[in-house]
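Student: I have a model open on my screen and would like to walk through it with you. Could we take it one question at a time?

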Amino acid sequence: METEKKSLTSAEQMTDRDLSEQIKKVTMEIHTRAEKTELMMSFMRGQVTLAQYKLLLCSLYEVYQTLEEEMDRNSNHPGVAPIYFPTELARLEAIAKDLEYFYGRDWREKIIVPAATKRYCHRLRQIGKENPEFLLAHAYTRYLGDLSGGQVLGRIAQKSMGLKGSEGLSFFAFPGVSNPTLFKQLYRSRMNSVELTEEERNGMLEEAVRAFELNIQVFDDLQNMLLTVPEKKLQTCSTQSKPVNTLQI
Ligand code: HEM
């Protein structure tokens with residue numbers, strides 16, 4: 001891709017003052033914590049179960065629906081426009097496809113999410129309204145994660161759950177990104193092109209750490225849900241008429 005090629009030069013010129021470097025540095029420790037959550041450890045051990053993966057997809061659906069709605073609504077904002085890549089990155093339709101595969105055509109009535117997912121979405125809506133420039137921190141955390149470790153996790157998940165081909169795994173596939181490494185370089189250079197005051201930059205770094213924290217809380221809540229709520233109860237919840245069922249755990 002032409003755009004991916006162009007990014008190489010900018011990637012080579014990165015400095016310590018670059019947002020992409022700062023954000024990576026400031027989230028390094030919490031990235032390790034995210035990797036060590038029970039849910040991610042299950043992935044890494046090749047032991048992720050269908051129940052875990054299905055619940056994760058439900059939460060990811062809610063998160064990406066909110067993130068992508070807020071990105072779309074703010075797509076002309078100077079802090080969002082440079083990193084707005086809906087064709088290449090949008091995950092919502094892919095997750096919907098996976099949910100239909102696992103839950104059937106009436107998946108919308110069946111999805112359940114823990115309270116932590118609601119809190120994550122609430123934060124996304126809040127910054128979409130009040131500080132749209134901070135959407136970058138959330139987009140970075142999810143999309144660059146999906147294009148990095150997420151690629152390995154997808155292959156592991158396929159094996160662990162004995163899925164045939166790519167069915168149920170659309171979430172991990174980025175057909176619009178031919179070379180994830182080059183695309184990430186382009187993304188970083190776009191992040192670095194956003195003009196921020198010192199105060200905004202500090203706020204952005206804080207928001208990135210918060211984005212990781214919100215993800216960790218979702219993973220932990222999902223794991224607790226699986227431990228504390230019997231399968232039967234999970235199924236009963238799925239028949240409630242609320243648009244999305246929230247379990248307070
Ligand atoms: C980058 C692994 C979970 C967000 C990466 C990279 C690896 C990795 C190998 C590439 C590092 C590089 O290119 O320098 C993993 C593994 C995980 C995991 C094995 C779980 C078992 C997560 C989670 C998130 C996340 C849960 C966020 C919710 C990111 C981000 C990057 C990244 C944002 C890009 C860092 C940057 O280049 O600035 N991850 N990761 N990762 N990961 Fe993860």
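Tutor: Let's begin with a term: a nonpolar core is a set of buried Ala, Val, Leu, Ile, Met, Phe, Trp, Tyr and Cys residues joined through C-beta atoms within 7 Å. A residue is buried if 20 or more other C-beta atoms lie within 10 Å of its own, exposed if 12 or fewer, and partly exposed in between, with C-beta atoms placed from the backbone. This is a predicted model, where local features need pLDDT of at least 70, side-chain atom pairs count only at pLDDT 80 or more, and totals for chains, interfaces and linings use all residues. Residues are numbered from 1 along each chain as its sequence is written.

Student: Which element gives the most to the largest nonpolar core?

Tutor: That core has 58 residues, and Leu57, Leu60, Tyr61, Leu136, Ala139 and Tyr140 have the most contacts inside it. Helices (H or I, at least four residues) and strands (E, at least two) are DSSP runs, numbered from the N terminus. With 11 residues, the element giving the most to this core is H5.

Student: Which residues does Ala139 touch, leaving out those up to four places away in sequence?

Tutor: Two residues are in contact if their C-beta atoms, placed from the backbone, lie within 7 Å. By that rule, Ala139 touches Leu67, Met71 and Ile83.

Student: How is H5 oriented relative to H9, parallel or antiparallel?

Tutor: Axes are lines fitted to C-alpha atoms, for helices over the stretch in contact, and angles run from 0 to 180 degrees between N-to-C directions. Helix H5 (residues 50-73) and helix H9 (residues 115-130) pack at about 0°, their axes 9 Å apart. Angles under 35 degrees count as roughly parallel, over 145 as roughly antiparallel, 65 to 115 as roughly perpendicular and the rest as oblique. Therefore H5 and H9 are roughly parallel.

Student: What is the angle between H3 and H13?

Tutor: The axes of these two helices are 10 Å apart. H3 and H13 pack at an angle of about 10°.

Student: Which helix gives the largest share of the shell around the ligand?

Tutor: A residue is near a molecule or strand if its C-beta atom, placed from the backbone, lies within 6 Å of it. Of the 16 residues around the ligand, Lys24, Met40, Gly145, Ser148 and Gly149 come nearest. Helices giving two or more residues to the shell include H3 (28-35) and H13 (198-228). The largest share, four residues, comes from H10.

Student: How many helices are there in the protein chain?

Tutor: The chain has 249 residues, of which 35% count as buried. Its secondary structure includes two strands, and the helices come to 14.
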